[in-house]
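Here is a short report on one structure. Look it over, then read on.

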Amino acid sequence: MKFRSITIALVALVPLAPIRPARAQQDTSMKDMPGMGDMSGMRMQAPDPLGVSMDRMGSGTTWVPDAAPIPSLYFHAPKGWDVTGHGFAFLQYDHQGGPRGDSQVGSLNWMMLMASHALAGGRVQARTMLSLDALTVTPKGYPLLLQSGEAYDGQPLHDRQHPHDFFMELSALYERPITSSLGVMLYAAPSGEPALGPVAFMHRPSAMDNPAAPITHHWQDATHISFGVLSAGLFTHTFKLEGSVFNGREPDQHRWNFDPIRLDSYSGRATYNPSANWSFTGGYGFLKSPEALNPGESMHRVTASALYGRAIGEQGQWSSALIWGANTHSTQPGMSHSLLGESEAVLDARNTVFTRAEWVQKSGEDLSVAGDATYDVGAASLGVIRELARFGKGTLGIGAMGTVDMVPQALVSAYGSRTPLGAMVFLRVRPFRSGAGMGQ
Ligand SMILES: [Cu+2]
């Protein structure tokens, strides 16, 4: 129980009462208004087709609510290019309890750069998202009770989250209005995200400060790294309808290269952002042979999501997500369901709290236990972060998160209890929310 005392000690160091307001930052009030993204004067070079601002861009071609974006950095590059960057780096101690648990010191991290330029009446964007996870949490990934998905050395991974590939995304996106209210988009990626599922977890404002992947990942947003994606869509200021052909095979364990590019699977998604505060999606995908260990099996996935976001004062924001996802395997009867609810409140310049609750139906094969029963498992997490220092446009925080996992009686022999526990303590660096750009 050493990790518990460490956690409690850290939490005790992190009083939630604000100390004193941080130094005044750039005024962000204009930026918080829908449609006012350019009023800061920081991103006026590349156009925002039909008023869809860069802040609405999530992972791949997803949208997040305008009012609570991922904190970003903006640069003007020469020759009319606008560069938007974001990134997160954690240095964490991860302890998962019980006989299937493990401990690890590691770093979870990702960074993304998007270079945008005006082109032929629209906006073209080159995007890349990179992660060093395979180096910093080992090629086998990090301990996470009840996690499943992907394989290592011919064995399915369980109770560990796989590392993400170095090239999480390398893509080009073109968006252009064709009438005053309708636009077209095209997206091509040797590594990228098809139009399937909600915004990937690390890119959701409701999960951005949570270092751990959801245990529902492979029912909802796991296609966010697909080696080969072509997408096309139509959009208005509030609505987007898109379809993709993509590689349905999960990434292999070699994380530094590109897997063989295929376009053997397809998906479709509708997205609706009725106001600055909400984003809804619904979609379907067919995944051909997703698992290398089960090449004869294909999968159908259906997902729906609701994201909510609003600003809190000048430096805070509150974001929430409710996500349902379900898989059907071609070789098994029935559908397995998953549900995730999560919320993160950046209360002010110093204090953040976040929480996540999940329920998912996993098979004996998913969890590497004998028999072909399906098990209802769950996890509930609560975390806090206290910012310690700011430097440039970044903020360094110290945080802790505790998780209670829930397994049925039939899995007690594997997990040691009905409620195995997990915890992470961590340092975290990311940009802070600010409307200010370069040159300030
Ligand atoms: Cu992933």
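## The second largest pocket

Which residues lie nearest the centre of the second largest pocket? They are H329, Q332, P333, S363 and T374, out of 20 lining residues. A pocket here is an open set of points on a 1 Å grid over the protein atoms alone, where a 1.4 Å probe fits, with protein on both sides within 12 Å along at least five of seven lines. Lining residues have an atom within 4 Å of a point.

This is a predicted model: local features need pLDDT of at least 70, side-chain atom pairs count only at pLDDT 80 or more, and totals for chains, interfaces and linings use all residues. Residues are numbered from 1 along each chain as its sequence is written, and side-chain values use heavy atoms, with hydrogens and water left out.

The second largest pocket holds about 290 Å³ of space. Volume is the space filled by probe spheres set on the grid points, which are joined across faces, edges and corners. At least two lining residues come from each of β15, β16 (335-346), β17 (351-363) and α4. Helix α4 gives the largest share, 3 residues. Helices (H or I, at least four residues) and strands (E, at least two) are DSSP runs, numbered from the N terminus. The lining has 4 nonpolar, 11 polar and 5 charged residues. Asp, Glu, Lys and Arg count as charged; Ala, Val, Leu, Ile, Met, Phe, Trp, Tyr, Cys and Pro count as nonpolar; the others, Gly among them, are polar.

## The largest pocket

About 670 Å³ lies in the largest pocket. Its lining has 37 residues, with E150, E250, P290, E291 and A292 nearest the centre. Elements giving two or more of these residues include β6 (142-152), β14 (299-312) and α4 (364-367). Strand β6 supplies the largest share, 5 residues. By class, the lining splits into 14 nonpolar, 12 polar and 11 charged.

## The copper site

Three histidines coordinate the copper ion through NE2, at 2.1 Å: H164, H217 and H224. Donors are N, O and S atoms within 2.8 Å of the metal (3.2 Å for Na, K and Ca); water is not among the atoms, so sites may look incomplete. The spacing along the chain is H-x52-H-x6-H. H164 sits in the loop between β7 and β8 (167-177) and H217 in helix α3, so the pair ties together parts 53 residues apart in sequence.

H164 and H217 are both buried. Buried means under 20% relative accessible area, exposed over 50%, and partly exposed in between (1.4 Å probe, protein chains only).

## Around G402

G402 belongs to strand β19 (residues 394-406). G402 is partly exposed, at 32% relative accessible area. Leaving out residues up to four places away in sequence, G402 touches A380, S381, L382, G422 and A423. Contact means heavy atoms within 4.5 Å. The C-alpha atoms of G402 and A380 are 8.4 Å apart.
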